[in-house]
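Please examine the sequence and the three-dimensional model shown below before reading the report.

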Amino acid sequence: MHDRSSIGAAVLAAAMLMPIAFAKAEEAKKYPDWDALWIRGSPVGAWDPANPPGRGQKPPLKPEYQAIWQANLAKQAAGQEFDIKSTCGPVGMPRVMTLYEPIEIVVKPKVTYMLAESMSPIRRIFTDGREWPKANGLAFVGLSIGKWSDSTNSGTYDTLEVETRDMRGPRLMDSTGIPLAADNETVVKEKLYLDKSNPDILRNEITTYDNAFTQPWTVSRFYRREHNPLFVEYACTEDNKWVTIGGQLYLVDGDGYIMPIQKNQPPPDLKYFQKYWGQAKK
């Protein structure tokens, strides 16, 4: 007959083995079939699909940032430039998740890759349990750490929760110029999962924390699986005919001349060229 000490030792040993058994069970889970090219389902012109684009958006902006947005809307109406994307600059997070162009998702046990055709940024969502490193501000898409979960205990992961920090700027929320604070302390949290009634729809609940906001801003976007993918190289600068001069956006026509894009738009300010020409004549 076992004495109490041996029983206690057995219970303790079993308790110590439980975390190991749980970890092995988690490792044995399968990863979801998300490996595909995904195209946008939500409209690209509005960050929050629940509200109309442009002035119909309802960002929780502090008064000083509300004024910046209104000024950007006025600039847009006047053909003035404020958006880094117009001249093929990187849009960064979270705006990249509007999917201007398709994104290919590649799921690996330690990292999930999101490969975007537009501007060709690469998002690496690390799921290897790493800690947050020291901030370096090297990427417009920031650093993303995620965690898989199996919400139905089916043996297959079905939900990926991601936190992204340490984004480089400048960045905007959308093409209408909804601003983010210049301190680049934005934090973005995402919850990605397949639609329960349609496995070809990937849903993304995105919450953005930023010092330009009075409160976190949560939106729901979705993407569609492309069954006959065509992988295209999107070289934005290759055929980019837009040029910014003195804060104004102009178009270079087929003959190489700068032309306006807005009625009554002022001619381009050529003071920099004049300065150069003056130096060249000396």
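The report below moves from the chain as a whole to its strands, core, aromatic rings and loops.

**Basis of the description**

This is a predicted model, in which local features need pLDDT of at least 70 and side-chain atom pairs count only at pLDDT 80 or more, while totals for chains, interfaces and linings use all residues. Residues are numbered from 1 along each chain as its sequence is written, and side-chain values use heavy atoms, with hydrogens and water left out.

**The chain as a whole**

The protein chain contains three helices and 12 strands. These elements are DSSP runs numbered from the N terminus, a helix (H or I) having at least four residues and a strand (E) at least two. Of the 282 residues in the protein chain, 37% are buried. Buried stands for a relative accessible area under 20%, exposed for over 50%, and partly exposed for values in between, with a 1.4 Å probe and protein chains only. The protein chain exposes about 16600 Å², and carbon and sulfur atoms supply 56% of this area; the areas come from the Shrake-Rupley method with a 1.4 Å probe, and for residues only the protein chains shown count as cover. A contact requires heavy atoms within 4.5 Å. Among contacts in the protein chain with a separation of 6 or more, 55% are made by residues 24 or more positions apart.

**Strand pairing**

Two strands are said to pair if DSSP finds at least two bridges between them. Strand E1 is joined to strand E2 (residues 103-107) by three bridges, and the two run antiparallel. Within this pairing, Leu-37 is opposite Glu-104 in E2. E1 also pairs with strand E9 (residues 217-226) in the antiparallel sense, over four bridges, and here Tyr-223 in E9 is the bridge partner of Arg-40.

Another set of strands forms an open sheet of three, in the order E10-E11-E12, with antiparallel pairing. Its edge strands are E10 (242-245) and E12 (258-259), each of which pairs on one side only. E10 is connected to E11 (residues 248-252) by four bridges, and Val-243 faces Tyr-250 of E11.

**The nonpolar core**

A nonpolar core is a set of buried Ala, Val, Leu, Ile, Met, Phe, Trp, Tyr and Cys residues joined through side-chain atoms within 4.5 Å. Which members of the largest core touch the most other members? They are Trp-34, Met-97 and Ile-105, out of 38 residues. Elements that give two or more residues to this core include E1, H2, E2 and E9. Not counting residues up to four places away in sequence, Ile-105 touches several residues, among them Trp-34, Trp-38, Met-114 and Leu-202.

**Aromatic rings**

Rings of Phe, Tyr and Trp (its six-membered ring) pair if their centres lie within 6.5 Å; planes under 30 degrees apart count as stacked, over 60 as edge-to-face and the rest as tilted. The structure has five aromatic pairs. The pair of Phe-213 and Trp-217 is edge-to-face because the ring planes stand at 85°, with the centres 5.8 Å apart. Both Phe-213 and Trp-217 are buried. Elsewhere, ring pairs connect Tyr-31, Trp-34, Trp-148 and Tyr-157 into a cluster.

Charged side chains also lie over rings, a relation that requires NZ of Lys or CZ of Arg within 6 Å of the ring centre and within 35 degrees of the ring normal. The table lists two examples.

| Charged residue | Ring | Distance from ring centre |
|---|---|---|
| Lys-85 | Tyr-100 | 4.3 Å |
| Arg-130 | Phe-126 | 3.7 Å |

**Loops and backbone features**

Gly-45 belongs to the loop between strand E1 (36-40) and helix H2 (63-77). Is Gly-45 buried or partly exposed? Gly-45 is partly exposed, because its relative accessible area is 28%. Leaving aside neighbours within four places in sequence, Gly-45 contacts Pro-53 and Gly-54. The C-alpha atoms of Gly-45 and Asp-174 are separated by 7.3 Å, although these residues are 129 residues apart along the chain.

The peptide bond from Met-93 to Pro-94 is cis, with omega near 0°, and Pro-94 lies in the loop between H2 and E2. A cis peptide bond also leads from Gly-169 to Pro-170, with omega near 5°; Pro-170 is located in the loop between E6 and E7.

Asn-153 is not a glycine, yet has a positive phi of about 55°. Asn-153 counts as exposed because its relative accessibility is 65%.
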